[in-house]
Amino acid sequence: MLALIEYYARALTRGRFSLISFAIQPLSFIFIVYVVSGGRFLNTALAGAVVSFIVGVGIADLAIELVGMKTRSRFYDILMSLPGSGWKKALGISIGMSVPALPYVLLLTVLLLTRLGAWAVPGIILGIISLWLWSAGIGFLLGVRMKEPVRTIRLSNILVTGLTVFPPVYYPPSVLPDGLARILMLLPTVSASRLISGSGGGLSLITTLLWALLGAAFLLRFGGLEE
């Protein structure tokens, strides 16, 4: 597992431009929301960027890499021949793919804590871990079931955009009609964003935990990379 983490961490963080391109979209959304709202929605925008980094790694990067592994059969065969259980290999790939997002998530978390205070720590940690479990689970579901890398790229782009850009992830649900906001708050990205930004209540907590359990179930089911 440690070897897989090290492999992906080195491969994905090689070169400053890869790290910059990785972060350009979430950081640009923070800027846009900050300017448009006059700074009022900055906490939500910071939390939305954290959500985007985690979901982007899980649903997009991880899924695309897993489908690519199946087409590059030699690498896949080497991976499957490594000692250790499928669960450990899956965990190693998931953590390794998440390494490029780690500095940005840490920086955004520190910025949020300076604005919210120490009381927000439990919600932020719970939101990040739960969302990572859900995103990695969906990433493995797509990576194992999908066959074509191009189709996986297109589907993951639609999912990431649909789950992070349009719903109230970077902005608060209060700007939407009440009925629509109540429905969208059931999305994993919205509930996690509300927990991380310190604006979530009991509903956000329960919703986020339920999505995390679903993600963990997918990891257990598809972590062996059987198909």
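## Burial and the stacked aromatic pair

A residue counts as buried when its relative accessible area is under 20%. In this predicted model, Tyr104 has a relative accessibility of 18% and is therefore classed as buried. Phe53, with a relative accessibility of 2%, is buried as well.

These residues belong to the aromatic pairs, of which the model has 3. The rings of Phe53 and Tyr104 are stacked, with 5.0 Å from centre to centre and 5° between the planes. Phe53 lies in helix H3 (residues 42–71) and Tyr104 in helix H6 (residues 102–116); the pair thus links distant parts of the chain, 51 residues apart.

## The edge-to-face tryptophan pair

Trp134 and Trp211 form an aromatic pair with edge-to-face geometry: the centres are 6.1 Å apart, and the angle between the planes is 75°.

Trp134 is buried, at 5% relative accessibility, whereas Trp211 is partly exposed, at 27%.

## Annotated transmembrane regions

An unreviewed UniProt entry lists residues 17–37, 49–69, 90–113, 119–143, 155–173 and 203–222 under "transmembrane region". In the model, residues 49–69 are 100% helix and 0% strand, and the end C-alpha atoms of this span lie 28 Å apart. Residues 119–143 are 92% helix and 0% strand, with 37 Å between the end C-alpha atoms.

## A nonpolar surface patch

On the surface, Phe31, Ile32, Tyr34, Val35 and Val36 make up a nonpolar patch, and their accessible area together is about 540 Å². One of these residues, Tyr34, is located in helix H2 (residues 16–37). Tyr34 has a relative accessible area of 41% and is partly exposed.

## The salt bridge

Side chains of opposite charge can pair when their charged atoms come close. The model contains 1 salt bridge. It is formed between the side chains of Arg182 and Asp178, with an N to O distance of 2.9 Å.

Both residues lie in helix H9 (residues 178–184), where a separation of 4 residues corresponds to about one turn of the helix. Arg182 is exposed, with a relative accessible area of 53%.

How values were computed:
Residues are numbered from 1 along each chain as its sequence is written. This is a predicted model: local features need pLDDT of at least 70, side-chain atom pairs count only at pLDDT 80 or more; totals for chains, interfaces and linings use all residues. Side-chain values use heavy atoms; hydrogens and water are left out. A salt bridge is a side-chain nitrogen of Lys or Arg within 4 Å of a carboxyl oxygen of Asp or Glu. Helices (H or I, at least four residues) and strands (E, at least two) are DSSP runs, numbered from the N terminus. Buried means under 20% relative accessible area, exposed over 50%, partly exposed in between (1.4 Å probe, protein chains only). Patches are made of residues with over 30% relative accessible area and no salt bridge: like charges are joined within 9 Å, nonpolar side chains (Val, Leu, Ile, Met, Phe, Trp, Tyr) within 5 Å. Accessible areas come from the Shrake-Rupley method with a 1.4 Å probe; for residues, only the protein chains shown count as cover. UniProt positions are given in the numbering used here, feature names are shortened, and annotations may be inferred rather than shown by experiment. Rings of Phe, Tyr and Trp (its six-membered ring) pair if their centres lie within 6.5 Å; planes under 30 degrees apart count as stacked, over 60 as edge-to-face and the rest as tilted.
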